[in-house]
Amino acid sequence: MNEEIYAIALKNALGEIKNVCPGIKKAFILMDDGTIVAGDEQAVDPSVERAVNSLQSLAEKAVSVDGLNDLLIDGDKGKVYVSQVNGMYAVMSLSKSADLPFLRTVTGITLPTILKVLNNLSPETALPTPLKSAPIVPHIQFRPAPSVPSVKEEEVEETVEKPEETEEIEAPEPLEAREAETEAETEAEAEAEVAVESPEPAIDLPSRQFIVDKFGGFMVRADTVQLDSEILERWSSLLNVKEIREVDIETFIGKTTRCKAKVISDQKLEGRGLIRIPEKTCEALELKRGELVRVKPVMPEE
Amino acid sequence: MPKKKFPQVETAEQIEWAPKTEVKEQVADLRSVLDKVKTREGVIGYILRASTSAAVDIKDPSKIIDYAVLSASALESAESLSEAFELGRLSNIVVETKDLKILLLTIGEHRISVFMEKNVDHYSIYKELR
């Protein structure tokens, strides 16, 4: 399912919401990056674009307090209601007399339902579930790698697939030396083979999206990022290694880097789906606080 | 003729000095109302900004910067949206996050942000401040 179908479905949903709630003057849905995916043609003009930019900035800043859910602006001549739905933002300009509680109910039911149906119809291109209530990156950027991926992207894929390749290459060896191996090793290998033969290898790959949190200081090393201890432990057990020392970070504009991985030093920030990246590295990757990145563990070399 | 001129001069004098007193009184009033509001259950604190000064009273000091940045950004965003959708003069702005609600309003030159838990009735606070 492509972006166009999403846009049509969401546009129709907005149309229906407008029919039910006559107080809506203009309405559109925008992504975290400011891309408008559905809405009235007349709703988008330069002033709206400026507003969208500031709204995007607000959403980024709201990440520090678990993300923006709703925004209601009450003016003399009308209202604006912004609601976060599955990581997207429904923006509606309303008349002064609009029935807001009713609109909230309708929006809160209709849009998530439409998105859920769309996601079920096309799970491979589905919008990812947002991490907590954090803003999300548009689905276009979450699609499978393009047919002609950049060199850096290829590097990342190769790195991640290392465990599988290792298993495949070493597969004949155990036939000769199987007797010498312990039962535990055999089981581990069998599990790995199952993982390789799985029809959904992408799911088995231990990669995850994280919300970026910057940190800096005199003693901060630019090549070391911080992640939840739980995630690192899970990855190390999944890859059957003692510990994950390095990770590959991929931004949604295609930039990648490899960093050392450590556990988040501030316990308050644990369990929030954050990756803490040094400021210098953020600058190099053109990352802002609150953005999403894809992180994959690097198989340690023996 | 003199009757016409005299009131004009008097009005000019008033314009020069009157607002200063008014502003001071307004700030004192707002601070007292905000302090009262802060005692309500679920109210986390407030930020009162003027053109050259600001008063901050937030229960958790570690959150002050986050809250200040968020409220400034919300005001900026609201002004842009208001301009884009021709909402006229802004009455109030309500921002909701997962666990937090912020009521923002402008009184005179003062920008007020009241932070509260989501279950707090922000409208009653708005009425009290107005």
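How many bridges join strand β3 (residues 68–75) of chain A to β3(B)? The two strands run antiparallel and are joined by 7 bridges. Strands are said to pair if DSSP finds at least two bridges between them. Helices (H or I, at least four residues) and strands (E, at least two) are DSSP runs, numbered from the N terminus.

The structure is a predicted model, in which local features need pLDDT of at least 70 and side-chain atom pairs count only at pLDDT 80 or more, while totals for chains, interfaces and linings use all residues. Residues are numbered from 1 along each chain as its sequence is written, and chains are lettered from A and ligands numbered from 1 in the order in which they are written.

Individual residues mark the pairing between the chains. A:Ile73 stands opposite B:Ile93 in β3(B), and A:Leu72 has B:Val94 of β3(B) as its bridge partner. In a regular strand, side chains alternate between the two faces of the sheet.

The contact as a whole takes 30 residues from chain A and 29 residues from chain B, where two residues are in contact if their C-beta atoms, placed from the backbone, lie within 7 Å. On the side of chain B that touches chain A, the elements giving two or more residues are α2 (64–84) and β3 (90–97) of chain B. The largest share of that side, 13 residues, comes from α2(B). By class, that side has 13 nonpolar, 8 polar and 8 charged residues; Ala, Val, Leu, Ile, Met, Phe, Trp, Tyr, Cys and Pro count as nonpolar, Asp, Glu, Lys and Arg as charged, and the others, Gly among them, as polar.

Within chain B, β3(B) also pairs with strand β4 (residues 100–107) of chain B, in the antiparallel sense and over 4 bridges. These two strands form a hairpin with 2 residues between them, and B:Glu96 has B:Lys101 in β4(B) as its bridge partner. Chain B has 3 helices and 5 strands, which follow the pattern α-β-β-α-β-β-β-α along the sequence. Of its 130 residues, 30% count as buried, that is, with 20 or more other C-beta atoms, placed from the backbone, within 10 Å of their own.

Strand β8 (residues 246–251) of chain A pairs with strand β9 (residues 256–263) of chain A in the antiparallel sense over 5 bridges, and A:Ile249 stands opposite A:Thr257 in β9(A). The two form a hairpin with 4 residues between them, and A:Gly254 in the turn has a positive phi of about 95°. β8(A) also pairs in the antiparallel sense with strand β11 (residues 292–297) of chain A, over 5 bridges.

Definitions and conventions
A residue is buried if 20 or more other C-beta atoms lie within 10 Å of its own, exposed if 12 or fewer, and partly exposed in between; C-beta atoms are placed from the backbone.
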